[in-house]
Amino acid sequence: MSAVTEYKTIDPSNGQLIWKFPTTTDQEVFAALDKAHQAYTNVWRSTTVSERTKILRKAADLIRQNKKEMVEIGTTEMGKQVAGMEGEVDFIVGILEYYADNAEELTKTVPVPGVPGAEVVTEPLGVILAIEPWNFPFYQVVRVLGPQLAAGNTVLVKPANCVAQSALYLEKLFLQAGAPAGVFQVILASIPQISDLIDDFRVRGVTLTGSERAGKAVAERAGRNLKKVVLELGGSDAFIVLEDADLDEAIRIGFEGRMDNMGQICVSLKRHIIIGRERGEKFKEGLIKLIKGMKIGDPRDRSTNLGPLYAEAGVTNILRQIEAAKAAGAEVLIGGKRIDRPGAYVEPTVITNISRENPLFTEEAFGPVASVYVVDTEEEAIELANATPFGLGGAVASTNIEHAKQVAARIETGMVFINSGMNSTPALPFGGAKNSGFGRELADLGFQEFVNKKVVRVHEKYL
């Protein structure tokens with residue numbers, strides 16, 4: 001039986017309840033699975049790649065046409081500033097067009113070199129279950145839909161319970177684009193219902209973006225059922241500022257890489273590691289100056305660059321982490337408190353003097369909290385960057401690009417960006433190492449995660 005999970009839209013800029021969705025029954029959840037399985041079996045897997053990509057292109061066109069409404073929905077549901085939400089909508093158009101442009105090549109049958117009569121055929125798997133978070137309510141969904149629909153799989157999407165309207169709006173647009181019924185469905189399911197879906201043989205793969213705890217639970221359940229899993233979990237990305245880096249530019253990168261989306265990004269630059277004591281002090285001063293210049297306000301106001309966190313729960317969690325860090329000896333240089341106004345607003349915060357025993361040393365802070373470390377040598381910086389259970393992304397600032405690449409090669413992550421924060425495109429694989437999960441999304445690698453690479457070989461005698 002299902003435990004109740006409430007799906008509702010609460011505007012985080014003022015705490016106002018906008019919409020509440022009815023509880024989804026077990027019967028409704030499994031009716032959706034049956035519909036997805038039937039759509040895969042009877043329609044979608046035998047639809048030509050050309051026809052699938054036409055639907056992806058049409059969906060991209062509809063997203064362009066409805067950009068303004070999508071921005072309004074996303075901003076209302078999770079408080080992202082208008083410019084950030086516009087960028088997110090533009091990015092998902094790029095994802096759909098990338099797979100529309102490349103699906104024929106990605107699904108092409110490939111001869112096996114040196115083995116006459118042998119080839120590898122790319123085939124879909126079936127129903128893919130996607131469990132998605134709230135911080136990018138459109139992007140997180142579409143980076144699954146793009147490759148999986150192009151491959152011929154059907155997709156069930158469980159959104160976070162605070163961004164259901166965003167996911168349902170995408171579902172409506174894909175139906176308008178000509179996607180057959182059942183190919184893409186949003187399910188407002190509970191955690192027990194998701195567990196039951198993973199147990200069902202018709203679900204052939206599971207992808208999750210979320211916390212380490214959620215990833216472990218999903219991986220364990222899927223493993224018991226021999227299901228393929230892709231996990232994109234937390235990150236505590238290090239930003240190493242090398243001795244030859246342009247310090248003013250590094251400060252800007254560190255500020256933007258941490259405060260974008262109010263720090264609610266898995267690949268935010270959460271740990272700033274500066275080599276050199278004097279440069280470290282200047283970095284802190286510059287970071288604090290930029291933070292003091294931020295304007296608090298409604299995320300719908302384009303002059304606002306300090307909006308709310310996604311929900312009251314985000315405020316509670318980040319303030320708890322700040323207080324625990326202080327209790328363990330860390331120093332708060334600026335911020336650290338709730339902002340006295342309606343809504344889920346927290347002061348941007350800079351924390352330093354974080355010992356290895358401090359809980360913040362190994363935790364992911366999912367909010368506007370920058371941890372600053374100052375070290376004496378490059379070796380110390382690299383060791384500190386790797387002294388975390390996470391391994392999602394990271395960044396290096398330097399004027400010597402070749403040397404920066406050498407440093408990047410020693411950072412234990414799935415991604416490293418030089419002289420920028422996260423700088424992704426649909427053509428770049430996205431994913432991490434260590435406790436940040438496994439598997440990749442986007443690009444060709446994201447496409448290959450949920451397909452069957454079937455070997456077909458003709459006996460030599462018939463060649």
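**Close-up views of a predicted model**

**View 1. Leu 463 sits in the segment after β20 (451-457).** Helices (H or I, at least four residues) and strands (E, at least two) are DSSP runs, numbered from the N terminus. This is a predicted model, in which local features need pLDDT of at least 70, side-chain atom pairs count only at pLDDT 80 or more, and totals for chains, interfaces and linings use all residues. Residues are numbered from 1 along each chain as its sequence is written, and side-chain values use heavy atoms, with hydrogens and water left out. Leu 463 counts as exposed because its relative accessible area is 57% (exposed is over 50%, buried under 20%, partly exposed in between; 1.4 Å probe, protein chains only).

**View 2. Gln 148 belongs to helix α5.** Why does Gln 148 count as buried? Its relative accessibility is 3%. Leaving aside residues up to four places away in sequence, Gln 148 touches Ile 128, Asn 153, Val 155, Gly 446 and Phe 450 (contact means heavy atoms within 4.5 Å).

**View 3. Helix α6 covers residues 164-176.** Its 13 residues reach 19 Å from first C-alpha to last, close to the 18 Å expected at 1.5 Å a residue (the expected span is 1.5 Å times one less than the number of residues). Among the buried residues of α6 are Tyr 169, Leu 170, Leu 173 and Phe 174. Which elements do the buried residues of α6 pack against? They meet α2 (49-65), α3 (67-78), α4 (82-106), α5 (139-151) and β7 (184-186). Just after α6, Gly 178 adopts a positive phi of about 105°.
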